[in-house]
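Thanks for coming. I will take one structure today and go through a few places in it. Please have the sequence and the model open.

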There are 2 protein chains.
Amino acid sequence: MSSQFAPSRPGTPPEHLKSPVTQSVLRIQNQIVQAARELLLEQGFVELLPPIIGPVTDPGGRGAKQVDIDFYGNRYKLMTSAILYKQASLLAFDKIFYVAPNVRLEPLETADTGRHLAEFHQFDVEIAGASQQDAMRVAQDIVTAAVARVVRTMGSELEILGRDPDAFAPLLNKTGAFEQISHTDAMEDLVRLGHEQNHDAEIDWEGEGILSHKSDSPFFIIDYPKGSRGFYDREDPERPEVLRNFDLIAPEGYGELISGSEREYDYARIIARMRETGENPAKYEWYLKMVRDGIPSSSGFGIGIERLTRYVAGLDSVWKATAFPKIPGVVSP
Amino acid sequence: MSSQFAPSRPGTPPEHLKSPVTQSVLRIQNQIVQAARELLLEQGFVELLPPIIGPVTDPGGRGAKQVDIDFYGNRYKLMTSAILYKQASLLAFDKIFYVAPNVRLEPLETADTGRHLAEFHQFDVEIAGASQQDAMRVAQDIVTAAVARVVRTMGSELEILGRDPDAFAPLLNKTGAFEQISHTDAMEDLVRLGHEQNHDAEIDWEGEGILSHKSDSPFFIIDYPKGSRGFYDREDPERPEVLRNFDLIAPEGYGELISGSEREYDYARIIARMRETGENPAKYEWYLKMVRDGIPSSSGFGIGIERLTRYVAGLDSVWKATAFPKIPGVVSP
């Protein structure tokens, strides 16, 4: 990747859509999504059509704003993430996934980071009874299957993009699990490398970039501190303040591809976590009613499809990984 | 189907999702979508991820309201249909499809028709250079492949639903094209059957129901009059006032499954049609700019996935064909 920052902007829709770069990228993206889908369908997952509006949505999202809509006089939200619906879906099937569009009004200053879109898509997976490690294994299998398929079938597209398929050799030759590093250890690494930041927060973009650049293969950061995530990431019962969650970080500076976690499913703990994170339980009426009746324990994750495409295709900016880029603050189709 | 009208309502999310009926329906839906997808991917279509917000959306939709959102101070819409984006996508690939969520705030009086949802999904297809008849052939192939796959793989689910697979024998034994009836002839049929309505409009629900009940296999109504559809349905150059479009109507009273058309692609004619249909061209800036630069001729269609599921699964109400039903005017997850 040429640079961490990519201030270029898409041309007009015809310029963008007629470009051999865009066409190669979208063909690669189609293969990535199909590889992920086929792997999960073979394992007995059921694909459900995603909800995109509802009375409430995931409150997470580093500083992004939710979009309000008027649903017959009631204030609804556009989904920023369908996590609450994924937990509900496990009442029907033990293993589910969605390909889900999401809208997050990211701060204007993210317009040129190369990794933020106001509209994007997640490959959204949830598995009843699964642990943090179980979910990480599925996430690894999906990324590996997607990369393998692109390398196998999209040689000429990778060539058009100038993406060397050898970049994926360390990933494809891996026989065991992807490397795992705890959030605490990642922080210590960053201090050693001269990058200091708040220990109770997400790792900041710059820190994530440093760790990503150091690696030649995707790796997990696990066990984030409680202050950094929403109420639905489960706290470790043996290690209070530590969440049983994970991010998958791409190598070469591409940064975060996937966020996932064991989910909180106990009514009282969810209420407590909501209060800790400043969420008003009254807003979550249907969800809390359902949780009180009982939902399964689970783990799940969301893959940023445009971000995974960006890494696989070797793009400087994530907007190149979508047919109709919505850059924060920029009016476009 | 027991009744044209189905005033029943979904229970709580746990009641709905734990029901063997819902689970059977969603498994069938998963097979329908996969059958359609596999058929198109084999034919060289590229699947794109759908946009769900934009400065403008399809103005069609019998009396349904669009949803406004605030996109960084700009008034955007939720997609009621992605037709304009499908035309744009043909600048990248000759044959494309989306699985696209749509939101339409249907009038409150549609809450109990059994066939309206405020949030639904379309299997959205567009083909460069294709005629009305070409698109109808693809639509027929998709419906046939979906039904065949469900009958082949979902025997026990159909049994749980009390849906007799023999209902599909006339469809599956068909060797040629589905029957086609012109809008004019359909109107005359309805007059003979004692059902009179405005000739320049869509066929009303009751009329569509009468024709649907008469048939044992899906059939097309073609060549709707100009007043009945949006500016993007192409007018027949040889027969002014007649559109080169079609609906696919399910048998047994299930009604419309698919709407499609040859598309208008000429700048001057689009402007004229916008003015005729009361649309302000200034709203469509990006689209008209693109059209002026040149877009391919095309035909395409949208399959209502919940409606097709309703027909295949033999459901009285379309809300049974979705995990999180949004009934017009009803607050629910």
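Where is the place of Gly114(A)? Gly114(A) sits in the loop between strand E5 (95-103) and strand E6 (119-128) of chain A. Keep in mind that this is a predicted model.

Is Gly114(A) buried or exposed? Its relative accessible area is 7%, and the cut-off for buried is under 20%, so Gly114(A) counts as buried. Leaving aside residues up to four places away in sequence, Gly114(A) touches Arg310(A), Asp316(A), Ser317(A) and Val318(A). Take Leu315(A) as well: 201 residues separate Leu315(A) from Gly114(A) in sequence, while their C-alpha atoms are 9.0 Å apart in space.

Next, a sheet in chain A. Three strands make up an open sheet, in the order E2-E4-E3, and the pairing is antiparallel. Strand E2 (53-54) and strand E3 (68-71) of chain A are at the edges; each has a single partner strand, so one side of each has no neighbour in the sheet. In general, strands of a sheet pair through backbone hydrogen bonds, either parallel or antiparallel. Here E3(A) pairs with strand E4 (residues 74-78) of chain A over 4 bridges, in the antiparallel sense. To find one of them on your screen, look at Ile69(A), whose bridge partner in E4(A) is Tyr76(A).

Now the interface. How many residues of chain B are in contact with chain A? The count is 63 residues of chain B, against 63 residues of chain A. About 5200 Å² is buried between the two chains, and carbon and sulfur atoms give 71% of that area. Of the area that chain B buries against chain A, 14% comes from Leu49(B), Tyr72(B) and Phe324(B), more than from any other three residues.

One of the side-chain pairs meeting in a salt bridge is Glu47(A) with Arg37(B), at 3.8 Å, N to O. Helix H2 (residues 20-42) of chain B gives the most to the side of chain B that touches chain A, with 8 residues. By class, that side of chain B has 41 nonpolar, 10 polar and 12 charged residues.

Last, a residue in helix H2 of chain B: Gln31(B). With 19% relative accessibility, and buried meaning under 20%, Gln31(B) counts as buried. Gln31(B) touches Arg149(B), Val150(B), Thr153(B) and Met154(B), again not counting residues up to four places away in sequence.

Key
Residues are numbered from 1 along each chain as its sequence is written. Chains are lettered from A and ligands numbered from 1 in the order in which they are written. This is a predicted model: local features need pLDDT of at least 70, side-chain atom pairs count only at pLDDT 80 or more; totals for chains, interfaces and linings use all residues. Side-chain values use heavy atoms; hydrogens and water are left out. Two strands pair if DSSP finds at least two bridges between them. Helices (H or I, at least four residues) and strands (E, at least two) are DSSP runs, numbered from the N terminus. Contact means heavy atoms within 4.5 Å. Buried area is the accessible area (1.4 Å probe) that two parts lose on being put together, summed over both. A salt bridge is a side-chain nitrogen of Lys or Arg within 4 Å of a carboxyl oxygen of Asp or Glu. Ala, Val, Leu, Ile, Met, Phe, Trp, Tyr, Cys and Pro count as nonpolar, Asp, Glu, Lys and Arg as charged, and the others, Gly among them, as polar. Buried means under 20% relative accessible area, exposed over 50%, partly exposed in between (1.4 Å probe, protein chains only).
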